[in-house]
Amino acid sequence: MKLEALTPARSRASYIDPAALMRIKNLELRAKLVVDGFLSGLHRSPYHGFSVEFTEYRQYSPGDDLRFLDWRLFARSDRFYLKRFEDETNLRCYLLVDLSRSMGFHSTPLEYDKAEYAKTVAATIAYFLTLQRDAVGLITFDQAIREYLPARYRTGHLHRLMICLEHELAGTATDLGLPLEQVARTARKRGVVVLLSDMLAPVEVLETKLGYLRSQGHEVVVIRILDPSEVSFQFQDESMFFDLESGRELYVDPHAARAGYQERFTDHAKALARVCSGLGVDVYDLTTDGPLDLALFDLLNSRIRRGRQVSRRRRV
Amino acid sequence: MGILVPLYLAGLTALSLPLILHLVRRTPRGRQEFSSLMFLSPTPPRLTRRSRLDQILLLLLRLAALALVTLAFCRPFLREAASLSFADLTGKRLAILIDTSASMKRGDVWQQAIKAAEKQLDDLNPQDDVALFAFSDRLRTIIDFQKEGASPISDKPQVVRNRLKALQPDWGSTDLGTALVAVAGELDTASDVRQSPLEPQIVVISDFQSGSRIEALQSFEWPERVPVVTLRVSPTNTTNAHAQVLPAEEGNELADVRVRVVNAADSRGDQFTVEWSEFVVSPSGGKATNRLKEGLRTDVYVPPGQTRIIRLPRGTDNLQADCIVLRGDDHDFDNTFFVVPPRKLEATLLYAGRDAAEDPEGLQLYLRLAVANDPLRQVEVRPLDATKSLTAPGDSIPEIIVVSQAVSEELRTALTKFVEQGGVLLLVPDGDEAATSVSLFFDDVEFTRAAAETVGAGESRREKYLLLGEIDFTHPLFAPFAGPRYSDFTKIHFWKYRPVTLKSPATTRVVARFDNGDPALLERSVGKGRVLALTSGWQPEDSQLALSSKFVPLVGALLDLACGGTEVAESVAVGQPVPLFSSRRAEDVSPPSESSQKSNENVLGGLTPSARQSSGHIVQTPDGREVRLAADVSSFTETDRPGIYRAKVDSTETRFAVNLSASESLTAPLDLEQLEQRGVRIGTEQTRTQRIDRVRQQRDTELESRQKVWRWLIVVALGLLVMETWWAGRAERKITA
């Protein structure tokens with residue numbers, strides 16, 4: 001409660017986890033590549049334009065825009081120089097949040113489901129990025145796209161984003177390809193795409209879509225949110241298992257079915273990892289019993305480390 | 001082995017309970033929601049194996065205990081005797097009470113009733129006793145119960161059946177109450193006296209119409225052991241209405257007849273026609289028919305359950321129409337209402353006086369004028385020939401004689417005889433000589449003066465006159481003027497009268513006095529008749545009486561006094577006695593002549609009792625039958641059908657109408673709860689098989705209560721439950737171990 005009072009964001013939306021935010025406040029979400037955004041020297045930009053940050057002078061050559069000519073210098077030195085400024089483009093982040101019914105599952109000791117966890121992650125990242133003055137977009141989806149907010153950085157955008165996250169779970173299936181397609185179609189500039197889902201869908205379809213995004217230059221992060229019982233399958237009593245998405249019922253004796261489940265689950269995870277690693281997509285697994293602040297901290301920390309590695313490699 | 005309460009066998013369904021419980025354990029307990037079943041596969045082989053029953057012995061023990069408890073509730077017993085036959089039944093004393101009232105003539109109701117009665121007879125056992133009673137307005141015993149000591153009638157049901165076929169509904173009304181009370185009382189006392197084991201029972205077969213009289217049940221304490229089974233027979237078409245002529249209004253006898261039309265509550269029709277008709281008896285004594293009067297019909301709309309009163313014009317030839325007929329309903333039995341048409345009374349008045357018939361100064365002219373246009377009577381005024389007998393052969397016998405002249409000795413004797421036989425003699429002396437003859441009839445009256453007293457004459461007549469001061473309005477002569485509107489006699493002035501004094505003790509009655517206290521009208525009874533004397537005349541010389549408005553009614557009252565009133569006799573209901581009167585005419589006045597046909601309509605209100613020398617009554621019923629009655633019989637009781645009856649005494653014929661009781665036409669069904677409210681024990685009809693079943697059930701109950709098998713069953717069940725508990729505990733210990 002103390003934290004709530006401290007955090008101004010809490011009044012706007014309930015999904016921002018203050019604990020997590022406090023912990024990651026000092027971190028940065030850095031882009032792996034320097035091409036994407038720019039903020040306070042964080043992201044080096046390849047673009048130059050009319051802005052506040054001066055970079056250099058360049059000699060005028062015919063055909064250059066006369067708006068950028070430094071007339072004072074011309075008066076002093078009688079030479080034509082163009083004044084160049086750094087572009088103000090920021091990091092564009094697209095949060096793709098899976099709000100299908102399967103995300104509504106939670107096992108007994110926990111009081112919140114995966115969707116709530118995912119929403120909190122998404123909200124926290126969005127707020128964090130807003131603090132960083134980066135543009136954030138949102139796509140919520142199940143078997144279709146439910147909400148689409150283009151990536152922007154402006155007043156009230158975060159509030160709209162929070163409202164979009166409020167929507168109820170719906171849908172009888174999960175189509176992971178659709179939001180990726182949507183981003184590929186609409187995002188003109190390269191950005192970071194964060195996919196928040198339990199990934200309980202066939203992974204084969206991901207390969208092409210992720211590849212397409214990657215080819216457009218987007219950086220993709222997959223955050224796989226799972227309930228602990230989905231991982232361990234620690235059910236005891238035989239009962240009718242009810243599929244939250246399809247409504248199918250199945251009589252399952254957990255003791256008999258556990259081994260098979262875990263095997264298939266691992267296979268699925270492996271397949272996902274294989275697809276992602278092949279495309280240079282990072283996959284992070286978050287279980288809902290883990291504290292969100294720690295999880296996000298680790299996530300960002302590891303990215304920072306990787307980013308350094310990359311830049312180090314580049315410098316080498 | 002028998003079961004007393006088989007209904008409890010339904011408790012055996014509880015046996016499925018342990019079975020279900022044993023199986024229920026095997027089905028999955030709960031439902032687990034899961035995000036996706038994509039990594040799961042079903043586990044069917046284990047499920048089938050586990051759905052098999054285990055702990056079979058436990059299950060069987062539980063089942064057996066439940067079955068035994070259920071069986072104990074069913075109260076089983078071991079049957080001893082094989083089966084019952086009809087002969088094992090206790091006999092019953094059955095009284096079949098069949099309604100023969102007129103309403104049973106509707107449609108096929110009577111046939112239904114006969115069938116119902118025959119069904120009752122078919123259902124009898126040899127040990128049963130049966131009696132047949134018929135009732136309408138009175139109870140008739142057709143076949144009585146077996147009398148004690150009398151030899152039994154062989155095949156009594158067949159005898160009853162034969163008598164039943166001969167029965168027909170009569171014209172009586174329905175007195176259900178009296179009939180029930182009589183039969184129930186008889187059954188109850190018979191059972192008491194003989195200590196008979198036979199069960200009494202009354203079966204009433206009737207249409208139970210709402211006009212049935214049940215008042216008699218009110219004051220009767222119904223015997224508890226006598227149940228009544230009611231079998232209602234009803235026609236398919238229920239529309240029934242009847243018309244009834246209401247008594248004529250006072251003083252308006254010749255106006256249109258008022259007819260009350262009543263429609264039964266369960267009728268479907270509401271449009272009826274009422275018309276005059278003539279009831280014709282064919283000379284051969286065959287069936288009577290109605291001859292309708294054309295153009296005298298009246299349509300009437302009466303909703304079911306309601307009553308309308310209409311006026312039915314009689315028309316010009318009204319004398320002959322003697323019944324009204326209602327049309328438009330389904331049942332004819334009550335559609336004809338008989339009414340004796342008012343006839344003009346023929347009367348003869350003899351006048352003995354010196355004045356001519358057209359003399360305006362005399363008495364006779366005014367007398368003739370007063371009786372000339374009487375609509376109710378045909379009065380013949382003849383002069384009295386003092387030299388002859390009172391009546392010449394061929395002449396009618398006089399009812400009244402008015403004498404204004406002096407009376408000879410012979411005439412006095414004849415007149416005295418006439419009066420003694422019931423005649424009325426009025427003396428109006430018109431001279432001093434005539435006045436003396438008044439004393440011949442009134443021996444206690446003395447004339448103060450021989451000459452008449454003249455109060456006013458000439459010019460002084462305006463001021464000097466006498467009035468009638470004291471009038472006895474209870475006397476039949478003045479009774480019509482009793483009302484305050486008519487009792488004003490002050491407009492009649494008297495100028496000339498003959499003052500008289502009465503010796504005391506006087507047998508003469510003073511009916512009216514002048515205002516000076518002198519008698520104006522004297523009356524004296526002689527034999528059966530009476531002598532009246534006026535001390536003043538009605539001619540203009542004596543008084544204004546003849547010219548006053550009171551004179552005609554006064555003469556009318558005098559004629560009424562002499563020959564009776566003219567009101568039409570009210571009709572009586574079927575079954576009610578009709579008083580009979582004989583002619584008051586006697587041979588002494590004049591030898592009876594064959595042609596002297598006199599009608600005397602005043603049957604009920606006759607003035608004179610029976611004749612002395614009557615040879616007896618002959619009553620002709622509407623169907624042409626003639627009933628001869630002895631002379632001393634005062635009433636006719638065989639009014640067994642509606643119609644116009646003709647009673648003849650000597651040469652006098654009297655007609656009276658007998659009609660169906662109005663209550664008989666109320667054919668809407670009676671609510672049988674009314675019987676129960678009056679204490680009648682309503683039973684249900686039971687066939688032989690049902691009775692056998694009942695007896696069997698009684699026996700079974702007795703047997704079961706003797707054997708009490710259920711106790712043993714409960715004991716065994718308890719034992720089984722103890723075993724089950726022990727076994728279950730053992731099994732559990734084994735599992736935990």
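Trainee: At what angle do helix 3 (residues 56-73) of chain B and helix 13 (residues 709-736) of chain B pack, and how far apart are their axes?

Mentor: A packed pair of helices is described by the angle between the axes and the distance between the axes. Here the angle is about 160 degrees and the axes lie 8 Å apart. Axes are lines fitted to C-alpha atoms, for helices over the stretch in contact, and angles run from 0 to 180 degrees between N-to-C directions. Helices (H or I, at least four residues) and strands (E, at least two) are DSSP runs, numbered from the N terminus. This is a predicted model, in which local features need pLDDT of at least 70, side-chain atom pairs count only at pLDDT 80 or more, and totals for chains, interfaces and linings use all residues. Residues are numbered from 1 along each chain as its sequence is written, chains are lettered from A and ligands numbered from 1 in the order in which they are written, and side-chain values use heavy atoms, with hydrogens and water left out.

Trainee: How are helix 3 and helix 13 of chain B oriented to each other?

Mentor: They are therefore roughly antiparallel (the term for angles over 145 degrees). The residues of their contact (heavy atoms within 4.5 Å) include B:Leu61, B:Ala65 and B:Leu68 of helix 3 and B:Leu713, B:Ala717 and B:Trp727 of helix 13. The contact residues divide into 19 nonpolar, no polar and two charged; Ala, Val, Leu, Ile, Met, Phe, Trp, Tyr, Cys and Pro count as nonpolar, Asp, Glu, Lys and Arg as charged, and the others, Gly among them, as polar.

Trainee: In what order do the six strands of the open sheet in chain A run?

Mentor: Strands of a sheet pair through backbone hydrogen bonds, either parallel or antiparallel. In chain A the order is 5-4-3-6-7-10, with mixed pairing; two strands pair if DSSP finds at least two bridges between them. Strand 5 (145-152) and strand 10 (282-287) are the edges, each pairing on one side only. The twist averages 15 degrees from one strand to the next. Strand 6 (residues 192-197) and strand 7 (residues 219-226) of chain A pair in the parallel sense over six bridges, and A:Val193 has A:Val220 as its bridge partner.

Trainee: Which strands of chain A does helix 6 (residues 177-186) lie across?

Mentor: Helix 6 of chain A lies across strand 3, strand 4, strand 5 and strand 6, at about 35 degrees to strand 5.

Trainee: How many bridges join strand 8 (residues 239-243) of chain A to strand 9 (residues 249-252) of chain A?

Mentor: Four, and these strands run antiparallel. A:Ser239 is bridged to A:Val252. Five residues lie between the strands of this hairpin, where A:Gly247 takes a positive phi near 80 degrees.

Terms used
Angles under 35 degrees count as roughly parallel, over 145 as roughly antiparallel, 65 to 115 as roughly perpendicular and the rest as oblique.
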